[in-house]
Amino acid sequence: MDALVQELKEKVIQALNLEDVTPDDIDANAPLFGEGLGLDSIDALELIVLMERNYGIKLKNANEGKDIFKSIQVMADYISKNRTK
Amino acid sequence: MSIYIDKAAQISIQQPLCNEWFSNPSMPTDRLCKFVRPDFKQYISAAISRRMGTALKCTLSSASACVSEEKRSNLDGILTGTGLGSIENTENFLLAMLEGEEGLSPSNFMQSTHNTLGSQVAIAFKCHGYNITYAHRGTSFDSALMNAVVKFQLNEYKTALVNGVDEMTEKYFQLFDHIGFWKDRNVTIEDVRNATSPGTFAGENSVSLLLTTQPSEQPLCELCDTQLFYRPSDEQLKTCVEKLCHAFNINRIDAIVIGNNGDKENDAEYRRLAQLLTPDAKQIIYKHLFGESFTMSGLGIYVAATCLKEKRVPAHITMDNEALENPQTILVLNHFKQLDYSITLLKSC
């Protein structure tokens, strides 16, 4: 799981082009939206794309993202249970 | 009513947002030369810039360097010329589509259009005026400039920002390469002064000009007028220059900026027209320093305005390699494939 969390941090930084942010800067349990990284709704779409491309997870309902994208740790848990690749 | 170029800023393959090219130019060393990037953080917050492509970041930076924050509320319009628009994002989006139509990045899609460049500047500057983008290949910048001038002449503008922006991607470069648009080696100043073979080299540019009828204490120059033509006769062009000189009480044109780029056919037309229109004027070249793009003519205006402000044309941008001191009037000539032409007249303040 730790490896997946680390990988996810790197992919999020790359996908969202978070300049000046390193994986170590991201608290795996901190909220991704609002506080924490301060992501917005467009970032949520990018994260949906990231999940589909990298892990073969297709969210049927965009509202599911609210729960899945709470933090890197929550994302990693969801991915480990639902990934198809 | 007179129109002035009050401020100007460029980001190109020369040192950005300064006039280093005027006294200490760097000579291009490749067939495809990319933007020399400024420190974008000075102009755009990291949170905003992370979604922006290179062309957009350059546009916003050159525009921000050109228009101080306190003057942004005075802008009546932002006019942008771009031949390829946000081509980097467009390509990224199209390539992602090839991989599968699902899972497309929204950021690339949102910023893949030509008018993203100007509209993002308008959003950043909170300018709700007559903002428009021209995507007319080699006369994109010239069209934007002419639209601005017409708005001034109609007394609908007092201050406007005109941008000319183009980036070049590897893929687009290769497409042009297939039709022989680029030379198969580096272009030198000798090629631009005396072209003997086809082809040029690629540059990237974001040039911003602040035009106003109420200039600051030290504007760069006065922009007398600009005219566009499609397949003009020599007589039409000659008459245009004569009329402009007459309208602005100009007895002599000291220099003419021509768009020689090292391509034999392109340069022959410039040489012929310079001889026809202004046989006694000093011929200024600039594309050996900046490369070629659809909106490089914006750099031509920028170079001319800088020479008028500095009261000098340095030898390294003249056809005869001799400097010209204290130029008072400069004509800027642009043609695209010998179809579209533009003539712009500038004079010192």
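Which residue forms a salt bridge with D191(B)?

## A pair in chain B

The partner is R185(B), and the closest N and O atoms of the two residues are 2.9 Å apart. The model is predicted.

The two partners differ in how they are classed. D191(B) has a relative accessibility of 8%, so it counts as buried, because buried means under 20%. R185(B) has a relative accessible area of 36% and is partly exposed.

## A link between two helices

Another salt bridge joins R272(B) and D234(B), with 2.7 Å between the closest N and O atoms. This pair links distant parts of the chain: R272(B) is in helix α11 (residues 264–277) of chain B, while D234(B) is in helix α10 (residues 234–247) of chain B, 38 residues apart.

R272(B) is partly exposed, with a relative accessible area of 37%. D234(B), at 31%, is partly exposed as well.

## A link between two strands

In a further salt bridge, the side chains of E325(B) and R312(B) meet at 3.0 Å, N to O. E325(B) belongs to strand β10 (residues 324–325) of chain B and R312(B) to strand β9 (residues 312–313) of chain B, so the pair ties together parts that lie 13 residues apart in sequence.

E325(B) counts as partly exposed at 49% relative accessibility; R312(B) is partly exposed with a relative accessible area of 33%.

## A network and the total

Some salt bridges share partners, and these join D40(A), D43(A), R50(B) and R51(B) into one network. Over all chains, the structure holds 15 salt bridges.

How values were computed:
Residues numbered from 1 in each chain as written. Chains lettered and ligands numbered in written order. Predicted model: local features only at pLDDT ≥ 70, side-chain atom pairs only at ≥ 80, totals over all residues. Heavy atoms only, no water. Salt bridge = Lys/Arg side-chain N within 4 Å of Asp/Glu carboxyl O. Buried < 20%, exposed > 50% of the residue type's maximum accessible area, 1.4 Å probe, protein only. Helix = DSSP H or I, 4+ residues; strand = E, 2+ residues; numbered from the N terminus.
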